[in-house]
Amino acid sequence: MTDHDPDCEKCEELLQGYLDRDLTSQEVVIAEGHLDRCDYCRRRYRFEAHLRRYIRVSAIERMPAGLLAKLAELRGPTADGL
Amino acid sequence: MSESGAAEPEAETGRRIASEARERVRFEEEALELADQVYRVARRMVGTREEAEELVQDTYARAFRSWRSFTPGTNMRAWLLRILTNLNTDRGRKIQRTPDLQPLEESDYYLANKLAAVEGEQALDQERVVERLSQGSIVDALAALPHDFRDVVVLVDLGEFSYADAAQILDVPIGTVMSRLHRGRRILKQTLAEESLT
């Protein structure tokens, strides 16, 4: 674990956007460059990425059977006869 | 134009109505194809399955009524979720207190360290360590998030919306999305560390 690489602060700022794929290509280069060099941030990045994926898998619940039919009933009157 | 009589404009009106009807049907079908994805987000924004079903039905009822205000070619899933979050906010949510956060350095790696420490010295790879959290504890921790934070976390982490889409859906600036996301995830991790591993 490196002791306070000044780049870590910048990395902390970029980490979230990097995880969410919401960085400009220039920022991606900065973030990846730092992750290559910094063990601490890389460990953190991996943990965050796995946690996020795990949360998604755990929290997703499919639509109950029958809901789609109920939604379809809400459609406007059919265009028959036009 | 007026010389050709009433038949011409009438036929035109008929064609216009028919083409509008086709457009509407196309809209409705595209919207219905997104129902499962809309439900997934709705389910984690409210407490129960029944509430989520009701919210999605209200959303579709409103969407089908106001389909003309949707611009074809734009992101319909974001458009539907904008309606959904508005309806959800209108349901009169209580003002919630934001939990106190630990200082960044401590909370930041708190959950990872705690997860890694459960089985003592045995070092697990980073992929496996999160699996020590139960599915139920994750669902509970999400439900416990104050709704301003939860909405953003659910849209970005579960709905996989971009910051820009989430900002548009919630009608807040992108910077607000990013800070709520950051804070929301920290609260989530703190809750998971405190509740799920005791």
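I started at Ala166(B): leaving aside its neighbours within four places in sequence, I found Ala166(B) in contact with Val152(B), Leu155(B), Val156(B), Phe161(B) and Val177(B). Here two residues are in contact if their C-beta atoms, placed from the backbone, lie within 7 Å.

A word on the ground rules. This is a predicted model, in which local features need pLDDT of at least 70 and side-chain atom pairs count only at pLDDT 80 or more, while totals for chains, interfaces and linings use all residues. Residues are numbered from 1 along each chain as its sequence is written, and chains are lettered from A and ligands numbered from 1 in the order in which they are written.

**Entry: the cores**

Next I looked up the core around Ala166(B). The largest nonpolar core has 51 residues, and Val38(B), Ala42(B), Val152(B) and Ala166(B) have the most contacts inside it. I noted that a nonpolar core is a set of buried Ala, Val, Leu, Ile, Met, Phe, Trp, Tyr and Cys residues joined through C-beta atoms within 7 Å. Buried means that 20 or more other C-beta atoms lie within 10 Å of the residue's own, exposed that 12 or fewer do, with partly exposed in between; the C-beta atoms are placed from the backbone. Helix 9 of chain B gives the largest share of this core, 7 residues. This core lies between domain 1 (2-90) and domain 2 (104-195) of chain B, because both give residues to it. Apart from it I found another core, of 8 residues, including Cys11(A), Ala31(A), Cys41(A) and Tyr45(A).

**Entry: chain B**

I counted 11 helices and 0 strands in chain B. Helices (H or I, at least four residues) and strands (E, at least two) are DSSP runs, numbered from the N terminus. Of the 198 residues of chain B, 33% count as buried. Helix 2 of chain B is mostly covered, with 9 of its 11 residues buried; among them are Val38(B), Tyr39(B), Arg40(B) and Ala42(B).

Between them, 10 residues of domain 1 of chain B are in contact with 13 residues of domain 2 of chain B. On the domain 1 side, helix 2 (35-45) and helix 4 (76-90) of chain B are the elements that give two or more residues. By class, that side has 4 nonpolar, 3 polar and 3 charged residues. Ala, Val, Leu, Ile, Met, Phe, Trp, Tyr, Cys and Pro count as nonpolar, Asp, Glu, Lys and Arg as charged, and the others, Gly among them, as polar.

**Entry: where the chains meet**

I found 40 residues of chain B in contact with 29 residues of chain A. Helix 1 of chain B supplies the largest share of the chain B side, 8 residues. The residues on that side divide into 23 nonpolar, 5 polar and 12 charged.

**Entry: chain A**

Chain A has 4 helices and 0 strands, and 20% of its 82 residues are buried. Its average pLDDT is 82, and 85% of the residues score at least 70; pLDDT is the predictor's confidence in each residue, from 0 to 100. In chain A, confidence is lowest in helix 1 (residues 6-19), at a mean of 76, and highest in helix 4 (residues 67-72), at 96.

Methods: Domain bounds come from an automatic or database domain assignment.
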